[in-house]
Amino acid sequence: MISYGQERPFDKAQVEALLDAAFGPDRFNKSSYSLRDNVDPIAKLSRVARLDGRIVGTIRYWPILVRDLLRGTDSEALLLGPLAVAPAMHSAGIGGELMRMSLTAAAEAGHKRILLVGDIGYYSRFGFKNVLPNYITMPGGRDARRLLVKQSASMPSLPAVGKIIPAVPEGSMTAPALVGSYDRGLPVAAA
Ligand SMILES: CC(C)(COP(=O)(O)OP(=O)(O)OC[C@H]1O[C@@H](n2cnc3c(N)ncnc32)[C@H](O)[C@@H]1OP(=O)(O)O)[C@@H](O)C(=O)NCCC(=O)NCCS
């Protein structure tokens, strides 16, 4: 039977192996990885699925800022991802369960805006919408067309023109308030 729980520091090696299997070695070239350099995933929201003690699914969340390029203001948000399920276990509902349970945890923790880079065909069922026509890019000016958002009704609209930036002061090794208890100083290998 599949069990679900919070990702623990000792899960890291298995999670990284699963991400390698799901996304391949090029995953570190994704625009989202630069937002994760020296930043830990948010432990309270990141979840794993286990089968007989083996990790078969993972979802992680990271702190980010959305910069309004017209007004010059920043607002806090979460970046969801990566989400991955072991290839042999696809279409068994594991990805959906990881999405639902972590989105509930994020809402309970007071997070009101979540962005991700992914396929609307999968993520619309969880309430995500295209950020377009608001033109917001990931680092490197990338992924505006695949950027999706889910936010609470009380949130103001996203900036008309913006970019996603790390929620970490320049030169800092880790985000100040939102991070979990992962080991410091090691490269974080999640996309
Ligand atoms: C995307 C992924 C996490 C879904 O996990 P899962 O456990 O198979 O998901 P679920 O069982 O909840 O849902 C499966 C359904 O989603 C559909 N689906 C999967 N990826 C999809 C996509 N990119 N676009 C549209 N539908 C998709 C499947 O066809 C399946 O449909 P069905 O129920 O009609 O058979 C998994 O396919 C995966 O790990 N893919 C590789 C990594 C990846 O692409 N991650 C997402 C990018 S951030």
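Which residues on the other side of helix 2 are exposed? They are Thr-104 and Glu-108; exposed means that 12 or fewer other C-beta atoms, placed from the backbone, lie within 10 Å of a residue's own, buried means 20 or more, and partly exposed is in between. The model is predicted: local features need pLDDT of at least 70, side-chain atom pairs count only at pLDDT 80 or more, and totals for chains, interfaces and linings use all residues. Residue numbers start from 1 along each chain as its sequence is written.

**View A. Helix 2 (94-108) from end to end.** Helix 2 has 15 residues. From first C-alpha to last it reaches 21 Å, close to the expected 21 Å at 1.5 Å a residue (1.5 Å times one less than the number of residues). Helices are DSSP runs of H or I, at least four residues; strands are runs of E, at least two; both are numbered from the N terminus. Just after helix 2, Gly-110 takes a positive phi of about 90°.

**View B. The buried face of helix 2.** Ile-94, Gly-95, Leu-98, Met-99, Ser-102, Leu-103 and Ala-106 are buried.

**View C. The shell around the ligand.** Of 17 residues around the ligand, His-90, Gly-95, Gly-96, Asp-119 and Gly-121 come nearest; a residue counts if its C-beta atom, placed from the backbone, lies within 6 Å of the molecule. Strand 4 (73-85), helix 2 and helix 3 (120-123) each supply at least two shell residues. Strand 4 gives the most, with five.

Terms used:
The arc is that of the directions from the helix axis to the C-beta atoms.
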